[in-house]
Amino acid sequence: MSETMTPETMTKAAVLILLGPPGAGKGTQARMLEERYGLVQLSTGDLLRAAVAAGTDAGRAAKSVMEAGGLVSDEIVLAILKDRMAEPDTAKGVILDGFPRTPGQAEALDALLAEQGLKISAAVSMEVDDAAMVTRVSGRYTCADCGEGYHDSFKQPAVDGCCDKCGGKAFKRRADDNAETVGARLTAYHASTAPLIAYYGQRGVLRKVDGMGAIDSIAADLGRIVDEVTA
Ligand code: ADP
Ligand code: ADP
Ligand code: ZN
């Protein structure tokens with residue numbers, strides 16, 4: 001039995017990929033892994049939303065695609081991802097949340113990691129029922145101050161209207177988290193991202209977790225995988 005790894009006892013920088021459709025729980029689990037293992041969550045969705053809010057060229061190009069539930073071009077996403085990977089905090093290890101999302105992005109990631117002497121520790125497919133994802137995404141909201149994720153039915157703050165993590169009282173919802181756009185996002189997932197499950201299977205790094213259980217039990221399953229691949 002291996003003991004639970006802590007940032008101090010991890011022997012090499014972990015590169016963990018979370019694969020799953022919108023609403024699978026990637027962001028929720030990535031934040032929990034970040035806290036527990038000191039890894040850095042790298043969400044291309046968050047980075048793109050920040051670019052849209054900042055009104056950069058990339059953000060302007062991405063905005064309408066994101067609102068329609070399509071995929072932003074590999075070129076834009078890769079440029080944003082590379083910039084973020086160049087920041088020193090990522091040396092602790094990263095959890096890629098929402099990236100790669102196309103075979104082109106997966107190949108570019110392989111090249112980027114090879115340059116840095118890193119390799120993928122595990123690509124975890126979060127197995128969920130598509131039909132349940134509409135309810136997951138439609139009920140999603142986050143703390144406007146710290147980004148902690150909540151759900152109208154499945155994850156409410158302990159004190160109504162008050163963030164568990166930071167005590168903040170302002171919350172927000174994403175423009176694309178509506179039932180109409182979720183359909184387009186699920187279609188994009190199956191057309192472009194689901195093939196990556198086989199890609200990582202062939203490379204021997206694929207793991208699967210049941211994403212339909214309780215948040216804490218999924219976190220325990222993921223923790224076992226991280227402990228194993230970083231031992
Ligand atoms: P993703 O990043 O994969 O799109 P999120 O982590 O944002 O998904 O989760 C989508 C919504 O579902 C959020 O409102 C979150 O609180 C909720 N959620 C996450 N995991 C579960 C789960 N295992 N059971 C029920 N609801 C969940
Ligand atoms: P979710 O996990 O709920 O699908 P994300 O926050 O990961 O949401 O992504 C929101 C939107 O940002 C996507 O619908 C897509 O338009 C864009 N996006 C995020 N990551 C990528 C990526 N790796 N490649 C292309 N588009 C992306
Ligand atoms: Zn908060």
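**Entry 1: the protein as a whole**

I started with burial: in this predicted model, 45% of the 231 residues of the protein count as buried. For that count, a residue is buried when its relative accessible area is under 20%.

Next I looked up the surface. The accessible surface of the protein is about 11200 Å², and carbon and sulfur atoms own 53% of that area.

Then I went through the secondary structure and found 9 helices and 8 strands. The radius of gyration is 17 Å, close to the 17 Å from the globule rule for 231 residues, so the protein is as compact as a globular protein of that length. I also noted the box that the C-alpha atoms fill: roughly 40 × 40 × 35 Å along the principal axes.

I checked contacts too. Among those with a separation of 6 or more, 71% join residues 24 or more positions apart.

**Entry 2: around ligand 2**

Which residues are closest to ligand 2? I found 19 residues around the ligand, with Thr 44, Gly 70, Arg 101, Arg 140 and Arg 185 the closest. Sorted by type, the shell holds 7 nonpolar, 5 polar and 7 charged residues. Helix H2, which covers residues 44-54, gives the largest share of the shell, 4 residues.

I then looked at arginine side chains beside oxygen atoms of the ligand. For Arg 185, a polar side-chain atom is 2.7 Å from an oxygen atom of ligand 2. For Arg 49, an N or O atom of the side chain is 2.9 Å from a ligand oxygen, and for Arg 174 that distance is 3.0 Å.

Last, I asked how much of ligand 2 the protein buries. Taken alone, ligand 2 exposes 550 Å², and the protein buries 97% of that.

Methods: Residues numbered from 1 in each chain as written. Chains lettered and ligands numbered in written order. Predicted model: local features only at pLDDT ≥ 70, side-chain atom pairs only at ≥ 80, totals over all residues. Heavy atoms only, no water. Near = heavy atom within 4 Å. Polar contact = N/O pair within 3.5 Å; in protein donor to acceptor, adjacent residues only side chain to side chain. Areas by Shrake-Rupley, 256 points an atom, 1.4 Å probe, with all protein chains shown as cover. Helix = DSSP H or I, 4+ residues; strand = E, 2+ residues; numbered from the N terminus. Nonpolar A, V, L, I, M, F, W, Y, C, P; charged D, E, K, R; others polar. Rg over C-alpha atoms; globule rule 2.2 N^0.38 Å. Buried < 20%, exposed > 50% of the residue type's maximum accessible area, 1.4 Å probe, protein only. Contact = heavy atoms within 4.5 Å.
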